[in-house]
Amino acid sequence: MTMIRIALVISVGCVLQINHAAASWQLTDNGFEYRQTSEKHSWQDARSECIEMGGDLAVHGMKDLAMRESIGEMITFTQVWIGFTDLEEEGAWKWLDGDQYDPSYDHWYPGRPSGDRDCAFISPGKDYKTVDRACDDNEYHLRGLCEKGTSIVLEEPEQVQPAAEINWHLADNGLEYIQTSEKHSWQDARSECIEMGGDLAVYGMKDLSMREAIGEMIPFTQVWIGFTDLEEEGAWRWLDGDQYDPSYDHWYPGRPSGDKDCAFISPGKDYKTVDRACDNNEYYLRGLCEKGSPIKKVGFSAPTGWYMAENGLEYKLSDKNIDWNGAREACRDLKSALAVQGMKDLEMRSTIANALSITDAWIGLNDEKTEATWMWLDGEQDDASLSHWIESFSLQSDGKHIENCARISSSNEYRTFPYKCGYRYKALCEKGVDICSTKVANCHADATCHNVDGSFSCTCNHGFHGDGVTCRVDRPWYNPGNGYEYNVKEDVNWEDGRKQCQSEGADLSSEGMKNLDIRNQIADALLKPYPANNVWFGVKADYYLFKWISDGTRATDNGHWYSSNEPNGPTWTRCAALLHNQNYLAASESCSDKWDALCERDIDECSKNTHNCNENAECTNIPGSFKCTCNDDYSGDGVYCEVGNALGWFVAGNGFEYKLTRREQSWEESRTVCQQMGGDLATKGFETLSERGPIAEEVGVNKAWIGMNDLDRERDWKFIDDTISVHKARIPEIWKDGFNLKDEAANEQDCGFIAKADDYKTDDSDCSAARYGLCQREATNEISCKKFSWTVGKSCDERVFGPDVRHDTRFYVASNGYDYFITDDEEEFSSAEGVCATKKTGSSLALALLGDDKTRSKVVEIFLESLGVDKAWVGGGRDCTALRADNSETEVETCTSRRRILCEKEIDECARKQDDCGENAACTNTIGSFTCACKPGYEGDGHKCTKIEVYRASNGYEYSLTSSLEYDRTKGECDDKGGDLAVDGIKDNDVRLEIADVLLRPFGITHTWVGLRKSFKASSWTWSDESTGGDEINWYPGQPSSGTHDCAFLLGSGDAEFRMGATRCRTASYVGLCEVST
């Protein structure tokens, strides 16, 4: 007996038009079949496609990691949606079969789930483990992994039931009608109608009695119809292109109203038209579908004056005599075209003409383009049959080319008569033609043709863009992982491409083009799969220099030019493009050429919630990245933030802990901050000076608000803690000397603070004054505590810390440039180094503190005394070294002893952006600290760097630059400075490069006038000091390139390394290098 598994799937009413032919279901060992969706979707749409194919997003095969891997090997995928979500209840993850997440099977990828992401996917790159993701972010659409089948075992296959037959109802107008199976938006209702072979009802809706007849045949309450003003607000049209005819007022009274773009009818509203929002899910309706061709009766329609011919088309004469081109326009005004189809058969033509009593009329035939080649307006050439022409007509050219338009006349039995197009006759108009089926319709293969008013229009299909005659595949924004995303604008010059990019919050690409790996990724994803074209990017010539538009820097070294150097010579009309036939390397092209343009825009990781900032940190978007900054009253690098300053809360032995706020604020604002941290302004321990003094001293109070005020009644001072009796707030000893508690005179000094200068006695102040707040809260097990003489026996016990304290995730950021932490577990010394590195990457046994008494004492206080640890492993050489809690000294310990481990990690202040280096300085991390040094071209102490305007070189001369001018004008500027264009510093190669490294290279200056000029009389080059140039002129190979070049400059582009070049003195503008003797 053959045992098989069958599909048991409950389908839902959701319709997608998708081609599934490209893939097939594949059976696995678990008896289920699997395949991917055909397209990338949101989670919901991926599920819909799976359901449409008889399955659902994968569940059963996902509950076992080995099965996931097996399916992944059978069906190659990168990332796929699975049937696992917490959409119903945040945090309550469930499988689509109703099973809740089982913690015993931990299939989550490390660090997940994270944040408000409600759907799940798997990926081979993440070991097939589960990763959460936003369900409907179009930047993160994925294919779905579909699953069908059941674990029920049957002896014989169950017969698959055929799909239910669609029962269309035939109406008297010859068309068939049915409602959609579900309530939808207007667009989705139309989609379901189209899938069933029809469209939303139009023809039967243009007559109120027919609406009623259809409503009696198909009972409905409210149904969408094919009437909308979606294309143009207020311009209501039927889906067949007909505009609203005011002579047939089918609107329900008071309609249309407001911004509602779709229409429905209802028996309750007398079948009249009512407008409604197209896509409001509170107002979804079924659609009334219609299919077939309406029955048309031959003869005149009294209301419209159109004549219905036997060919199913309608005809009408224009009111006035007009020329042939005017006749075309007149027919267009009647939503029709000059007659063509009914004119190709002489018998049909005669019937129509007689019915309309035509004397003379223009028809849709001419030879205006090519003499003697007569073309119908539907694009078909006349078959050269003379049967419909007048007898005297010859199809041979008469050479005059003046009788180019066709008319018919009763005097010639309505045969075709060529005539001058400027003569005036009535127009014979024809409507009802399916022009989309004729040769006239030149819509692209990826476009849809629409018959409109005797003409047609083309609209690119979904997933394509263009004018309908030309359609190209839409390119999604691509994210290569560099903090920017990219897209392409097509067939534009450089300036228009930039404007189109900017209209979408982007610009022509710069940052992505500076990195060849990123450039190649973009080319592979956005350029190579599409029609080949050169591609503009964000580099444009600034006279002789090509510069990035993002920052104005030279685009030579990182421009990745096709040739070895950027183009030389005047290039102000040139822009940079990637050459598709040179592996997308850059070249100089005319800015007016039409290529594609590569757009680049910054990804705002903060608003997209794709950052990794701590929940207690603020994310700030910066170009290409983001920055995390811990909130007020938190400290850390932004990814890790802890409450308080580096030392955290000070835990006193009274069961409370204390700290200062990080900002000076009003009393109320400070209290709010304390409450946000789970406490309030300090009261406990502040009833007496003997208690408050040690706390305030340890926390570091200079001036700080405490929890005292007389806001309720003047001079009725009290603690804000109701458990402290009122009289304790009125003990004179806790108040500042001279303070009068009995003075009942009203004032604005209603809030209490303490100051170190007053021995921490209470004083009153205006509550709006800005001070730090001294916060308190019940003691936790977080960081530190201190023994006071008045709390002996109370501090650091389990009442304060609890029995299960874990400190290995708490850090002390010491002033010596290291982070410190202690492990929770005890280990032998041989394991200590490895444990530190495991707990926090880059950490090692604490060593730097051994030579720093202050840091060592603080670490002992925080991590040993507070935890009751007598010794902990530290570094110290070849011996096994432990740090003692009782004297903060080290001693050699038996290596097999099991101790907690003190670890340290050197802080990279540069990487953490915790340095104070200047904007034009470079930060260099050092052991325990960092150094700042001004970048080339700048001078200062590294904290403040200013551009070097005048540089004193090693040869004793001072050098500076002029404006960008012609050669002689730069000499004038140098003369104003008391010098001349440089000579001495140019003759010496070492000095020349020294000057270039300070004044030229850092700022991308590649062309610089110097004091060397050609004398045409002597045919030699002469320095400004009147010496003749010789071997000391270090010419770049190939220079001078012309005998007419008469002035020399330093060339800094490519591999020239500031050797000499030459050009015409009066045709170029460069900066000049001035040299002043000191």
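Predicted model: local features only at pLDDT ≥ 70, side-chain atom pairs only at ≥ 80, totals over all residues.
R856 and D853 both belong to helix 14 (residues 853-865), where three residues, about one turn of the helix, separate them. Their side chains meet in a salt bridge, with N and O 2.7 Å apart. In total, the structure holds 48 salt bridges.

- D853, in contrast, counts as exposed, because its relative accessibility of 51% is over the 50% limit.
- A salt bridge also joins E861 to K858, and the closest N and O atoms of this pair are 3.6 Å apart.
- E861 and K858 are three residues apart in helix 14, so about one helical turn separates them.
- E861 is a buried residue, with a relative accessible area of 12%.

**Salt bridges elsewhere in the chain**

- K736 and D763 form a salt bridge through their side chains, at 3.5 Å from N to O.
- This bridge links distant parts of the chain, since its residues are 27 apart: K736 is in the loop between strand 47 (718-719) and strand 48 (751-755), and D763 is in strand 49 (residues 762-765).
- K736 counts as partly exposed, at 32% relative accessibility, whereas D763 is buried, with a relative accessible area of 12%.
- A network of salt bridges links seven residues, namely D870, K871, R884, D886, E891, E893 and R899.

**A patch of negative charge**

- On the surface, D64, E69, E73 and D127 gather in a patch of negative charge.
- One of these residues, E73, has its place in helix 2 (residues 65-74).
- E73 counts as exposed, because its relative accessibility is 66% and the class begins over 50%.

**Cis peptide bonds**

- Most residues other than glycine have a negative phi, and most peptide bonds are trans.
- The peptide bond from R255 to P256 is cis, and its omega is near 0°.
- P256 is placed in the loop that runs between strand 15 (237-238) and strand 16 (262-265).
- The bond from Q1039 to P1040 is also cis, with omega near -10°.
- P1040 is found in the loop between strand 67 (1020-1023) and strand 68 (1047-1051).

**Positive phi values**

- Y584 is not a glycine, yet its phi is positive, at about 60°.
- The loop between strand 36 (574-579) and strand 37 (585-590) holds Y584.
- With 5% relative accessibility, Y584 counts as buried.
- F1058, likewise a residue other than glycine, has a positive phi near 60°.
- The position of F1058 is in the loop between strand 68 and strand 69 (1059-1063).
- The relative accessible area of F1058 is 2%, and the residue is therefore buried, the limit being 20%.

**Helix 17**

- At the start of helix 17, the backbone nitrogen of D990 has a side-chain oxygen of D988 within 2.9 Å.
- Helix 17 covers residues 989-1000, and its buried residues are V991, R992, I995, A996, V998, L999 and L1000.

- D819 has its place in strand 53 (residues 818-822).
- D819 is buried, with a relative accessible area of 4%.
- Along the chain D819 and S843 are 24 residues apart, and 8.8 Å separates their C-alpha atoms.
- C751 is located in strand 48.
- C751 is buried, its relative accessible area being 0%.
- The C-alpha atoms of C751 and S666 are separated by 9.7 Å, and the two residues are 85 residues apart along the chain.

Key:
Residues numbered from 1 in each chain as written. Heavy atoms only, no water. Patch = residues over 30% accessible without salt bridge, like charges linked within 9 Å, V, L, I, M, F, W, Y side chains within 5 Å. Areas by Shrake-Rupley, 256 points an atom, 1.4 Å probe, with all protein chains shown as cover. Salt bridge = Lys/Arg side-chain N within 4 Å of Asp/Glu carboxyl O. Lys, Arg positive; Asp, Glu negative; His and termini not counted. Charge placed at Lys NZ, Arg CZ, Asp CG, Glu CD. Helix = DSSP H or I, 4+ residues; strand = E, 2+ residues; numbered from the N terminus. Buried < 20%, exposed > 50% of the residue type's maximum accessible area, 1.4 Å probe, protein only. Polar contact = N/O pair within 3.5 Å; in protein donor to acceptor, adjacent residues only side chain to side chain.
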